[in-house]
Amino acid sequence: MNKLLKTAAILLAAAAIGTGCGTRSSPTTPTPTPTPSPSSTSPAPSASPSVTPTATATPSPTPAKTPAGTKTGDAIQVVAAPESITALVNKQFKLPDSYAPKDLVYPEVAFIFSEKIEKRKLRQEAATALEQLFAGAKKDNISLAGVSAYRSHATQKSLFESYVKRDGEAKAKTYSAVPGHSEHETGLAIDVSGSSGKCAAEDCFAGTPEAKWLEAHVHEYGFIIRYPKGKESITGYQYEPWHIRFVGKQVAKDIASRGITMEEYYNALPVSQ
Ligand SMILES: [Zn+2]
């Protein structure tokens with residue numbers, strides 16, 4: 001790509017940057033709730049069997065050129081293996097409309113709300129890893145709480161539609177993911193805050209001891225900071241220190257040690273191209 005094209009691409013990408021969590025405009029009043037601490041989790045990141053991701057793309061030392069997907073005609077591709085723990089979901093790659101994870105469970109960790117509802121769920125493997133992550137944080141005197149995890153396609157759809165109704169589609173897209181394009185629909189992503197719930201999924205979470213701990217340690221548990229600082233033009237999302245995505249330990253460590261994003265891992269183009 002020549003320099004001019006590259007510049008244009010970056011500018012285009014920058015124009016499309018938004019927030020991934022879609023929780024911005026409906027701030028909730030966090031009520032910290034003590035939840036049973038996970039008793040079954042081992043204190044240290046154990047050598048749990050790491051899953052060999054099949055599917056979308058091959059997470060190997062030589063990443064596939066592009067994650068497999070089906071072209072829909074408008075540059076949007078449908079994720080070929082949505083159940084893969086390494087499925088790439090972003091503004092370019094969407095989940096099939098009919099996709100719903102089959103192994104959702106309630107992770108035994110604290111959330112900033114007490115209800116046993118959809119957004120408390122994660123897929124089994126991610127939930128177990130999250131329990132270990134929270135336990136590891138606790139050992140370092142960092143007290144974490146979940147803010148929002150799974151969101152069904154139907155929920156994302158109604159959420160997005162309500163935003164469109166209020167602000168118009170263009171504006172809604174700047175702060176909410178289009179249905180099918182939200183990582184929260186995979187059941188592998190969760191927004192995390194400190195147990196006080198202060199700055200939950202807000203910019204002021206950046207720089208807190210909790211954010212710093214997440215930045216330094218999530219990869220040990222198979223998660224990545226999905227929208228890192230300085231990578232906005234690649235991920236299509238502004239820095240979100242609270243949004244972590246489970247990809248498994250092997251891939252997480254690779255991504256963290258190389259300081260790259262999931263898009264770069266797969267050698268995928270910037271999402272708005
Ligand atoms: Zn999020």
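Guide: Start with the largest nonpolar core, which has 52 residues. A nonpolar core here is a set of buried Ala, Val, Leu, Ile, Met, Phe, Trp, Tyr and Cys residues joined through C-beta atoms within 7 Å. Buried means 20 or more other C-beta atoms within 10 Å of a residue's own, with C-beta atoms placed from the backbone; exposed means 12 or fewer, and partly exposed lies in between. Residues with the most contacts inside this core are L130, L133, V218, F223, I224 and I244. Among the elements giving it two or more residues are α2, β7 (189-194), β8 (223-227) and β9 (240-246). Helices (H or I, at least four residues) and strands (E, at least two) are DSSP runs, numbered from the N terminus. The largest share, 8 residues, comes from α2.

The model is predicted: local features need pLDDT of at least 70, side-chain atom pairs count only at pLDDT 80 or more, and totals for chains, interfaces and linings use all residues. Residues are numbered from 1 along each chain as its sequence is written.

Now α2 itself. Of the 16 residues in α2, 13 are buried. Leaving out residues up to four places away in sequence, L130 touches P107, V109, L122 and I190. Contact means C-beta atoms, placed from the backbone, within 7 Å. After α2 comes N141, with a positive phi near 60°.

Definitions and conventions: Two residues are in contact if their C-beta atoms, placed from the backbone, lie within 7 Å.
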